[in-house]
Amino acid sequence: MELESHHAQRGFQYTGPPGLEYLSELDQLLVQQQKEILEIFTGWESQNKYKIVNTMGQLVYFATEDSDLCTRQCCGNLRGFNMPVIDTVGQEVMLFERPFSCTSAGCYCCYSCLQEMKIYAPRGQLIGSVHEHFDFCTPTYSVFDAMEQEVFKITGDTCAIACCGNDVNFMVLSSATGETVGRIQKQWTGMVREVFTDADNFSVTFPMDLDVKMKGVLLGALFLIDFVHFERPNPFC
């Protein structure tokens, strides 16, 4: 069933990027990774695919990783990719762009080796970016708008792994006030799924009145966090 904005029904004049209108009415999105049967049985890394739904389980977007076979097998969770975000009528509404960046124990503190994600809506129009910070203990990210002004900081649990039965939280803090305004959460999906696959479920919460562009950027942050902390590690890079 195609989603229809209540704002549209009331004649609300939307001025943001096309396809993000519905985000103006949401304060939470749920992301469900779709696991390929072949990958489960062979361990052969396939392109990640995700369903993005609202709290009622209604489909809002699809997202599919666009990367080459060699990169996926050789570079694991550090691989670069593009990820188009498609709405329920098949239109691309956002693009997540992650460049390859080789992080290792010897170069992790080098700024050029830290992870980042750029978010476009529509393709070619930058609306924000997410950048990793070096920290020995706590996963830390900065979230920037299109003018490269820092809007949020994201700080994760000290042990950013899915421990038995526990969710993993990454808190979204206002850069201006330090106040917690949202959360990205990796949800525990059960022992079998956690141990034998890297298919993950996430949620992202944000203020209802937040600009839809920054909601889209926080969604991009969720995908970067998934790859950095919860995908299989790279065997060669």
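Visitor: Which residue in E3 stands opposite Ile52?
Guide: In E3, Tyr61 stands opposite Ile52. The model is predicted: local features require pLDDT of at least 70 and side-chain atom pairs count only at pLDDT 80 or more, whereas totals for chains, interfaces and linings use all residues. Residues are numbered from 1 along each chain as its sequence is written, and side-chain values use heavy atoms, without hydrogens and water.

Visitor: Why is Ser129 called buried?
Guide: Ser129 has 9% relative accessibility, so it counts as buried (under 20% relative accessible area; exposed is over 50% and partly exposed in between, with a 1.4 Å probe and protein chains only). Ser129 belongs to strand E7 (residues 126-133). Leaving aside residues up to four places away in sequence, Ser129 touches several residues, including Met117, Ile119, Phe144 and Val217; contact means heavy atoms within 4.5 Å.

Visitor: What makes the approach of Ser129 and His131 a polar contact?
Guide: The term requires a pair of N or O atoms within 3.5 Å; within protein, one must be able to donate a hydrogen and the other to accept it, and residues adjacent in sequence count only if both atoms are side-chain atoms. The side chains of Ser129 and His131 make such a contact at 3.1 Å.

Visitor: How many aromatic pairs does a search of the whole structure find?
Guide: Rings of Phe, Tyr and Trp (its six-membered ring) pair if their centres lie within 6.5 Å; planes under 30 degrees apart count as stacked, over 60 as edge-to-face and the rest as tilted. The search finds five aromatic pairs.

Visitor: Why is the pair of Tyr50 and Phe223 called edge-to-face?
Guide: The ring centres of Tyr50 and Phe223 are 4.7 Å apart and the planes stand at 80°, so the pair is edge-to-face. Tyr50 lies in strand E2 and Phe223 in helix H5 (residues 212-230), so the pair ties together parts 173 residues apart in sequence. Tyr50 is buried at 2% relative accessibility, as is Phe223 with a relative accessible area of 0%.

Visitor: What makes Phe202 and Phe230 an edge-to-face pair?
Guide: Their centres are 5.6 Å apart, with 65° between the planes. Phe202 lies in strand E12 (residues 201-205) and Phe230 in helix H5, so this pair ties together parts 28 residues apart in sequence. Phe202 counts as buried at 1% relative accessibility, and Phe230 is buried with a relative accessible area of 10%.

Visitor: How do you know that the charged end of Lys186 sits over the ring of Phe230?
Guide: The term asks for NZ of Lys or CZ of Arg within 6 Å of the ring centre and within 35 degrees of the ring normal. The charged end of Lys186 sits over the ring of Phe230, 5.7 Å from its centre.

Terms used
Pairing = 2+ DSSP bridges. Helix = DSSP H or I, 4+ residues; strand = E, 2+ residues; numbered from the N terminus.
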